[in-house]
Amino acid sequence: MSESPTTATDRERVVRALTRVARRLRLARVTRDLLRGFTLSLAVPIAVSVLYRFIDMHGAVVLALLGIGLLGFGAYAVRALTRPGTLGAAAASADRKAALHDELTTAYWFQRANESSDWIALQQHRAAGSADVLDVDRLYTWSMPRRVRTTVGLLCLLIVLNLLPLSWTRGWLQAGPPPVLALSQSEQMMLAEIERMLSEAAVAQGTELSQEMREALAELRQGQLTQEQAFAALEKLQAMLDGELDALLDSMAEALESTNATLAEALSDGDLQRVADQLRALVEQMTDAEREQLQAALREMAELAEDAGSDLAEDLTEAAEQLEQGNDAAAEAMEQLAQELEQLAQQQEGQEIRQAAAEGLEQLQQALGEESNELQSAEQGRPGESQADGMPQPGPADQDSMPVQAAESGAQSSQQGEGHLSASGAGDEIDYGAPTGLEVELLPEIMELSPDPNDEPGQQLIDHPSQAEESKLAYELVEPDLAYGEADMLDADTIPLPYRDLVKRYFQAVGPRGQYDH
Amino acid sequence: MITDIDQQVEQFQQNFTLATSEIAKRIVGYEGIVRGILISLLANSHVLLEGIPGLGKTKLVHTLSDVLHLKFARIQFTPDLMPADIIGTNVVQEGQLGEKFLEFQEGPLFANIVLADEINRATPKTQSALLEAMQEQSVSVGKKTYKLELPFFVLATQNPLEMEGTYPLPEAQLDRFFLKLKITFPDIESLHKILDRTTQTNEPEVERVLTGDQLMDMRRTAREVPIARPIQEYAIRLTLATHPKSSYAPPIVNQYVRYGASPRGAQALVVGGKILALLANRVHVSCEDLRAMVLPALRHRVLLNFEGEAEQVDSDTILQDVLENTPEPTE
């Protein structure tokens with residue numbers, strides 16, 4: 001049957017209506033798909049947030065993960081936007097929405113199949129009538145997709161996880177850069193002590209603390225560094241302190257080893273006063289051959305001193321030159337060199353302080369390392385007790401545990417025979433007495449290491465259990481043990497640097513009267 | 001032409017409404033059954049009625065023949081019923097001159113509407129005698145084939161309770177029934193009406209509102225209704241979904257069904273859908289029409305396996321599951 005103009009019109013009417021429906025469907029589908037994609041992509045930052053709660057991640061890692069999520073969403077959005085809709089689908093949807101009992105689906109299919117008959121023409125005519133009265137706006141009213149609730153919920157979760165500083169959250173949106181390392185109160189005190197010692201050492205050596213050291217110490221004190229940066233700064237400080245003079249003296253001793261073993265030994269021991277005395281005596285006794293050897297050795301030492309940037313280089317070169325000019329000039333040069341070494345010996349006092357500062361730095365480094373490990377393990381074990389702002393903060397538990405950590409690390413250090421602040425030193429031999437016999441019931445005792453100035457003096461140091469029963473033994477009778485205990489305690493690295501004075505004062509307070517008065 | 005078709009559709013609906021309302025004068029509470037029987041009649045096919053005795057099956061068929069102005073015959077199937085008893089037989093006749101000749105005596109099948117009451121009580125031999133009549137609308141006796149008068153409509157009944165001493169209908173014969181309708185017990189309101197109408201002096205009279213020719217016109221009209229391919233495909237998917245191991249089959253089909261519906265099932269869906277469309281004043285078949293036809297058209301075409309029989313799974317349950325799991329076309 002040939003196509004009549006009426007049928008063609010009916011077809012156009014049907015297609016026009018279906019096009020409107022298809023447009024509306026596409027809008028709804030794209031909105032739905034984008035929302036779904038966005039909701040799914042929210043899983044990435046939420047997962048990153050949750051992961052960040054347990055694992056430290058730098059800003060770059062976070063950004064990379066977020067970028068991957070964003071890329072995925074972008075790809076999904078492009079796919080959703082480019083996916084075409086069909087009029088057939090629009091017809092099926094309109095039939096369902098308007099309860100047309102597949103009228104438009106049938107009409108559109110007959111159009112596409114180009115089938116025609118009187119019955120089909122009637123069907124198309126009726127379908128066109130239905131299409132004309134199809135109220136697309138009413139049928140496809142825009143409504144908030146139900147998924148929005150999920151999306152909003154996830155967004156809220158993301159905000160809570162990242163922007164609200166709660167006890168159980170840790171926000172990477174705020175954190176951005178890697179987390180900085182804040183020092184606890186005790187570590188701050190250790191650092192202050194180190195800084196003070198370095199300043200003292202500088203004054204003793206007649207110099208000033210270098211700008212580089214000042215900056216590194218300030219950064220550490222202000223907590224502007226990450227854990228890695230803090231460790232690097234500490235190592236750098238240690239490198240600055242370690243063996244400037246010792247290394248020079250050692251190398252100079254090696255140079256002198258073949259010429260004068262006694263002199264070399266004195267140099268190696270770092271006893272510059274002895275070196276000066278031996279140099280004075282050497283000029284008077286030495287033969288021509290020895291003089292030549294010493295001249296060569298002094299030149300070599302001058303080169304070494306010059307390499308190390310020491311002021312000794314000039315004096316050593318001058319002494320070597322004057323050795324050629326005869327005994328008088330040599331004696332004068334040696335005297336000058338001896339005086340220079342004596343000055344250097346005086347500076348050794350500052351160097352000892354610097355060494356003590358270096359040890360303090362090492363101790364601080366160990367304390368920070370252990371604290372970091374403990375913090376990580378504590379966070380893994382107790383995720384709900386982390387810090388709100390993403391930075392590990394020292395709590396009461398941290399302060400209490402510090403001496404224990406220091407004691408553990410210090411035990412190793414004392415075995416290596418390293419020095420400390422005490423002038424009597426680790427090398428002093430102690431006459432161990434008989435073990436102390438205290439006829440008291442030992443009760444757990446808590447020593448408050450950082451006394452609160454507001455507390456009464458009696459309550460600062462000894463806890464109540466100690467007052468439960470008094471010692472039946474006079475302090476005078478436990479003197480040897482106390483002396484041993486004091487020396488042992490002060491020798492050991494287990495006592496954190498800031499508390500050493502406190503411990504010393506304690507022993508002074510409890511020790512026999514007059515022992516520390518002189 | 002469009003106007004003519006509109007008139008045809010209108011006439012179709014009027015005739016159908018006339019027939020149902022006239023039947024409703026005598027038959028109460030079986031609107032769905034009456035509608036199904038008329039649909040089968042218009043689809044040029046047959047109906048299997050399943051229900052306990054005393055629910056008015058015979059009355060229904062009798063009323064139908066009265067309303068449609070068609071010849072009615074009733075055959076009570078019993079185990080000793082022979083094929084010749086329903087088809088007819090050649091008998092020796094003697095002419096006026098004394099000559100002998102064989103004359104075919106038509107059996108009860110030679111009617112427009114045949115009520116095969118309790119069809120499952122007859123032997124398979126007799127049951128199969130109905131096959132040719134139902135499918136070919138003709139009967140063969142000896143070397144001669146006799147055409148049955150159209151419309152020819154068989155309405156068979158069977159009792160689902162008394163299965164002892166019965167011969168379940170073979171699959172081939174079941175498949176020839178367009179629909180299988182289940183007659184349920186009437187509700188209280190319907191029972192009141194039944195009692196009111198049947199226990200008084202005057203039984204309601206029905207008029208003959210349709211002739212055989214009108215019925216044939218309606219059959220032609222019904223066949224003209226177009227069906228779009230996506231809708232037809234839905235009918236096919238529904239049919240295939242009743243087949244175990246089919247990609248459309250839901251798990252329950254795979255578990256309990258031995259054989260699914262035949263192509264005749266799909267035909268029943270589409271033809272029945274066309275009639276339903278016309279009755280809904282539509283000139284196209286919708287998925288809704290097909291869904292409405294699924295249960296009556298496919299329930300006797302789904303054969304349960306041993307597990308299904310053992311667990312007494314109802315084929316309606318399986319078909320409901322098929323309906324739920326077969327999505328309508330989306331474009």
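Reader: What should I know before reading the numbers and letters?
Author: Residues are numbered from 1 along each chain as its sequence is written, while chains are lettered from A and ligands numbered from 1 in the order in which they are written. As the model is predicted, local features need pLDDT of at least 70 and side-chain atom pairs count only at pLDDT 80 or more, but totals for chains, interfaces and linings use all residues.

Reader: How many residues does the contact take from chain A and chain B?
Author: It takes 21 residues from chain A and 20 residues from chain B (in contact: C-beta atoms, placed from the backbone, within 7 Å).

Reader: And which helix of chain A gives the most to that side?
Author: H5(A), with eight residues. Helices H3 (87-98), H4 (103-113) and H5 (118-132) of chain A each supply at least two (helices are DSSP runs of H or I, at least four residues, and strands runs of E, at least two, numbered from the N terminus).

Reader: Changing topic: is B:Pro327 buried or exposed?
Author: B:Pro327 is exposed, because 10 other C-beta atoms lie within 10 Å (exposed means 12 or fewer, with C-beta atoms placed from the backbone). B:Pro327 sits in the segment after helix H14 (315-325) of chain B.

Reader: How do E3 and E4 of chain B pair?
Author: Strands E3 (residues 88-94) and E4 (residues 100-106) of chain B are antiparallel, over seven bridges (to pair, strands need at least two bridges found by DSSP). B:Val92 stands opposite B:Leu102 in E4(B).

Key. Contact = placed C-beta atoms within 7 Å. Buried ≥ 20, exposed ≤ 12 C-beta atoms within 10 Å, placed from the backbone.
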